[in-house]
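Please walk through this structure step by step. Keep the sequence and the 3D view open as you read.

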Amino acid sequence: MDLKSGYPFWAVKNGLLKTFPQLTRDHQSEVVVIGGGITGALIADELSRHGHHVVVLERRDVGWGSSAASTALLQYEIDTHMTELAKRYGEADAVLAYRACADAIGEIETLAAGLGDVDFERQQSLYYASNDEDVASLKEELSLRLKHGFDASWLESDAILAEYGFVAPGAILTQLAASIDPYRMAYQLFTKLVERGGEVYDRTQMETMTPDEQGVTLTLTNGATLRCQYVVMAAGYESQAWLPEKVAINRSSYALITDPLPPEALGKLRHTMVWESARPYLYMRTTCDGRLLVGGDDDDEDIPKRRDARVEEKAEGLANKVEALWPKLDINPTFSWGGTFAETDDGLPFFGPHEAHGPRVHFAMAYGGNGISYSMIGATLLRALIEGEEHPLAELFSFRRLAKMNEQ
């Protein structure tokens, strides 16, 4: 299934950075990671750096799934408010999830510094109320964050207009956020993996997966067999095909990117990502060369041909929304695209084993708007599970959470 349509900027900007071989022979490894996107790259890197032999399988070209379509906003702010998570799972777990996302940004920054040339840049995050009715919930959200030491502040409407040049009834300004080129980072991580003795194979697809007490046997569509001790399923929303029930819904998001804009036109947008309280929400960030990347207008369409047909209209609608906020900005989409992603009911990911496959098959479902931050968390969480260690988020991010979700 095609995961994206149109012309995703990262793939156009970078091209096919590197090719990897196909796996056409019987083989074995300690861990096999299924999926060659940014999630698979972060997990494979974490395992490899800690001494595990890793084989990565990608059925397309590396990075050519959802990662190429990602707008790569790195935030600790989860699509579901901390206040809402506190009501569902308790305040301690809500704070734990938010804190882990905050820590993940620093961990990604450290990784990026060691790789170089992945366009990592620290940003601020401005989360504005789309209407007067949302002000109270945002102030309640800010209050809980401040209670637990998160660096954030409230901006009234006059401050938003004076500093950011658009009209909104209020906003939360957060100091911790970042942006990155996820496509290039995935390639860089896989290149380092191969240098350490790991293996990456693209155009290689798994057909069957048979776990037993000692390990897992994978058969490939070309007939080859791959034996391993553990499997990590990091194939984005396609991973759900290996579960007996759906744990998330598929949604499509749309995006556009402009030509580089002059710094005086962008103002504080140059170093501030902006998103709104409405759902689905409009969001935007800049690239390191001053392009404005705008996304949103999500829908529940996951049929590629139908999604493809909507890209141009969606891009025009997104441009109009931005111009309505900043009438002096002329938003001319240089490239526009759509991508299909998965979204859980509570906005949290799933990491770890599922009873349908036993303890040797781990899922890495970094679903939602915080996919890259979640993937960084999942990398350390899954390594802990594989090494038989405890992790503070292992329970909250496990499939056992489904029972609690179904009770509500």
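Helix H6 is followed by Gly149, whose phi is positive, near 85°. Note that this is a predicted model.

**Helix H6 and what covers it**

- Helix H6 runs over residues 135-147, which makes 13 residues.
- At 1.5 Å a residue, H6 should span 18 Å, and its end C-alpha atoms are 18 Å apart, so the two values agree.
- The buried residues of H6 are Val135, Leu138, Glu141, Leu142, Leu144 and Arg145.
- An α-helix has 3.6 residues a turn, so residues three or four places apart point the same way.
- Two helices are among the elements that cover these buried residues: H4 (82-89) and H5 (91-115).
- Strands S5 (121-128), S6 (152-156) and S7 (170-179) are also among the covering elements.

**Helix H11**

- Helix H11 covers residues 371-386, a run of 16 residues.
- H11 is mostly covered, with 14 of its 16 residues buried.
- Glu390 counts as exposed because its relative accessibility is 79%, and exposed means over 50%.
- The C-alpha atoms of Glu390 and Ala159 are separated by 45 Å, and the two residues are 231 places apart along the chain.

**How helices pack**

- Two packed helices are described by the angle between their axes and the distance between the axes.
- H5 and H11: how do they cross? Their axes come within 9 Å and cross at roughly 85°.
- H5 and H11 are therefore roughly perpendicular to each other.
- On the H5 side, the contact is made by Ala100, Cys101, Ala104, Ile105, Glu107, Ile108 and Leu111. On the H11 side, it is made by Ile372, Ser373, Tyr374, Met376 and Ile377.
- H2 and H11 pack at an angle of about 40°, with axes 8 Å apart.
- That angle makes H2 oblique to H11.
- H2 and H11 cross in a right-handed way.
- H2 brings Ile38, Thr39, Leu42, Ile43, Glu46 and Leu47 to this contact. H11 brings Ile372, Ser375, Met376, Ala379, Thr380, Leu382, Arg383 and Ile386.
- Helix H2 (residues 38-49) also meets helix H8 (residues 182-195): the axes come within 9 Å and cross at roughly 30°.
- That makes H2 roughly parallel to H8, because angles under 35 degrees count as roughly parallel.
- The crossing of H2 past H8 is left-handed.
- Here H2 contributes Ile38, Gly40, Ala41, Leu42, Ala44, Asp45 and Ser48. H8 contributes Pro182, Met185, Ala186, Leu189, Phe190 and Leu193.

**A buried phenylalanine**

- Phe20 lies in the loop between helix H1 (9-14) and strand S2 (27-34).
- Is Phe20 buried or exposed? Phe20 counts as buried, because its relative accessibility is 8% and the cut-off is under 20%.
- Leaving aside residues up to four places away in sequence, Phe20 touches Val62, Tyr187, Phe190, Val194, Val200, Tyr201 and Asp202.
- Phe20 and Leu348 are 328 residues apart along the chain, and their C-alpha atoms are separated by 32 Å.

**Backbone details in loops**

- Asp119 is not a glycine, yet its phi is positive, near 60°.
- Asp119 is placed in the loop between H5 and S5, and it is partly exposed, with a relative accessible area of 23%.
- Arg203 also is not a glycine and has a positive phi of about 50°.
- Arg203 is in the loop between strand S8 (199-202) and strand S9 (206-211), and at 46% relative accessibility it counts as partly exposed.
- Which bond joins Arg279 and Pro280? A cis peptide bond joins them, with omega about 0°.
- Pro280 belongs to the loop between strand S13 (272-276) and strand S14 (283-286).

**The annotated span**

- The unreviewed UniProt entry annotates residues 31-382 as "domain: FAD dependent oxidoreductase".
- This span is 35% helix and 29% strand, and its end C-alpha atoms lie 11 Å apart.

Methods
Residues are numbered from 1 along each chain as its sequence is written. This is a predicted model: local features need pLDDT of at least 70, side-chain atom pairs count only at pLDDT 80 or more; totals for chains, interfaces and linings use all residues. Side-chain values use heavy atoms; hydrogens and water are left out. Helices (H or I, at least four residues) and strands (E, at least two) are DSSP runs, numbered from the N terminus. The expected span of a helix is 1.5 Å times one less than its number of residues. Buried means under 20% relative accessible area, exposed over 50%, partly exposed in between (1.4 Å probe, protein chains only). UniProt positions are given in the numbering used here, feature names are shortened, and annotations may be inferred rather than shown by experiment. Axes are lines fitted to C-alpha atoms, for helices over the stretch in contact, and angles run from 0 to 180 degrees between N-to-C directions. Angles under 35 degrees count as roughly parallel, over 145 as roughly antiparallel, 65 to 115 as roughly perpendicular and the rest as oblique. A crossing is left-handed if the near helix is turned anticlockwise from the far one by less than a right angle, and right-handed if clockwise. Contact means heavy atoms within 4.5 Å.
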